[in-house]
Protein chains: 2
Amino acid sequence: MGPGPSDVAPSVLMAMSKPIVGHLDPVFVKIMDETKTMLREVFQTKNDMTFPISGTGSAGMEFCFVNLIEPGDTVVIGVNGVFGTRMCDVAGRCGANVVKVEAPWGQIIEPKQIADALKTCKPKLVAIVHAETSTGALTPVEEISKLVHAAGALFVLDTVTSLGGCPVKLDAWQVDAVYSGTQKCLSCPPGMSPVSLSPRAMEVATKRKTKVQSWYLDVNLLASYWGQDRVYHHTAPISMAYGLHEALRLVLEEGLENRFRRHEQNHKALKAGLHAMKMEIASQAGHQLWQLNTVTVPAGIDEAAVRRRLLNEFSIEIGAGLGPLKGKIWRVGLMGETSKKENIHTFLRAFGKILNESGYAVNVEVAIAAAKV
Amino acid sequence: MGPGPSDVAPSVLMAMSKPIVGHLDPVFVKIMDETKTMLREVFQTKNDMTFPISGTGSAGMEFCFVNLIEPGDTVVIGVNGVFGTRMCDVAGRCGANVVKVEAPWGQIIEPKQIADALKTCKPKLVAIVHAETSTGALTPVEEISKLVHAAGALFVLDTVTSLGGCPVKLDAWQVDAVYSGTQKCLSCPPGMSPVSLSPRAMEVATKRKTKVQSWYLDVNLLASYWGQDRVYHHTAPISMAYGLHEALRLVLEEGLENRFRRHEQNHKALKAGLHAMKMEIASQAGHQLWQLNTVTVPAGIDEAAVRRRLLNEFSIEIGAGLGPLKGKIWRVGLMGETSKKENIHTFLRAFGKILNESGYAVNVEVAIAAAKV
């Protein structure tokens, strides 16, 4: 119940243990094709260039920036947590002039902030973190995307924690480049990063003046490997691909809308239980993530000690705050397979017991009853 | 029996399917520590900075170059196959002036060639492919390493296919930066790249004037994640790490020397069988890889058709030639778990049957008998 990796379904773990075939074997090529098709459905896009990068979510982030940025390009990046901060670092290493649009950690990036930034510069792209895993805030992006396109820029979106847990609509929202992770709401082990580039982004990537600085992440090379040509590039992580294939199948078997509703309902249940314990969600009201709940640590409580006891005595992992939120929040994940009623009840019971023993009096039975409504 | 991925032991596949824990969980930290210790043993090094990169072998290659090269640096690269060629591409993308030392594909890089190159330039590093997977040649590196260090340069070595299949002695050979893959002679699924940097290489990486161009592969950040601090960088691929941990345990359980002897003996057996079939190993005599046997395609035989029949009728994968060797060789892998007597016999029987039916008369029983001596 941390900020990821989330629990993994038994059938996905089973898929991970299947015997290895060659990465250009017809059996594996079929898995590659089906994975691309399912990823398009999950991303709600028709983008041809939709596939998983052979690295974790951060490699997916780097993939988007190295392919789209050339030295000297200006980029606007929304910074309201760890991952916006990371995007600035990655973009800077690509030689970009980075214009930061900042919001306090836990708050969203407002469209007006982007509009204001677009008055001061003419960026090649604007990048936003959809679901900030470090703060629990979900930034609405539809209006921002319109502003970005009106300014003639590409729109880049981090959906590491949002994909599979709440609506992500690439085509409807006109997202040009997106990356995600496998270990959050897709409930696959970490190790790959689903990405997708719009035809507009592909045009930018293929008409660059300079070579992409990363050979490993160069979409011009990856397109031939994951495309119809099957030109050898690197050796894809076969077992991870088996796992992702099965995880995506489970997502689509449940249905995207059902899956989102489950995440929403379980978030509400947890929130009701926490509320009954006099606990507050730390992120901005109205924009709280369903899959990652940040909880304000009450005064006088040692947040690390609570986490340690949850792990050691109850085998429950929750996450710590990062950066300015260190020591101030807990992060309780309800992602994918982890988003279950029984997990909420087990967590509230253990959490309440520890809080009571730490001198913060709560009524556990009332909290669990509240979570069941 | 292709050029990798190789077969994976059942206990490694079992490990891949174990439930996921958090990537900063004490259980996982212990796995990280043990993996580093075992990797040092397999690499025969005391280098503190020895760990697996969260990407495939090509990411390991990029890791070495992005961390050691700054724009304008001169590098000497031995090119005698696909992977030396790839190193030039990767180094060029780091802004290096690349001096190529070339040998025909299938031949080794001679120390004299490196000595000659070192008379013409003053490189920051010299990089060599130990075992060229594309050609089946094993370049001896001890003498080359001495020349490199005498010239004050760092020595970088690709051990993707050599590690675990034949001696790789980082400290004895004074290798400064090395990368490997999991899916060759370590017999783990593909997805991670074991790397190691000597203290001298670490000094270069930490005293750079410019930032490492890749955030994902920046050793200055990875050192804190894989070191004692456990500072969050990216989310390690948990299941892959489980698999690598078990694969390394199996390598050390067998013993490095036993493992090398097994690879050598099986290479000799295959070679004897092929010889009895009037087939020749294509790579340079005296420097033929034990784990990857390149076989010259006889005149009049359609190499792709033979591979297709082996796969479709006998479920045996072997590899095709690449680049200038396309259509001219087959690549028969005897890597890690795949290096087994029964695989050699099964292969010779199937291969011989197809050759006979293709009009190239061979005596299969004689070949198998030769392989059994």
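Two residues are said to be in contact if their C-beta atoms, placed from the backbone, lie within 7 Å. The structure discussed here is a predicted model, in which local features need pLDDT of at least 70, side-chain atom pairs count only at pLDDT 80 or more, and totals for chains, interfaces and linings use all residues. Residues are numbered from 1 along each chain as its sequence is written, while chains are lettered from A and ligands numbered from 1 in the order in which they are written.

Chain A is divided into domain 1 (10-253) and domain 2 (256-372), with bounds that come from an automatic or database domain assignment. Between these domains of chain A, 22 residues of domain 1 are in contact with 22 residues of domain 2. The domain 1 side of this contact in chain A has 11 nonpolar, 10 polar and 1 charged residues. Here Ala, Val, Leu, Ile, Met, Phe, Trp, Tyr, Cys and Pro count as nonpolar, Asp, Glu, Lys and Arg as charged, and the others, Gly among them, as polar. The centres of the two domains of chain A, taken over C-alpha atoms, are separated by 29 Å.

The contact between the chains takes 41 residues from chain A and 41 residues from chain B. By class, the side of chain A that touches chain B has 17 nonpolar, 17 polar and 7 charged residues.
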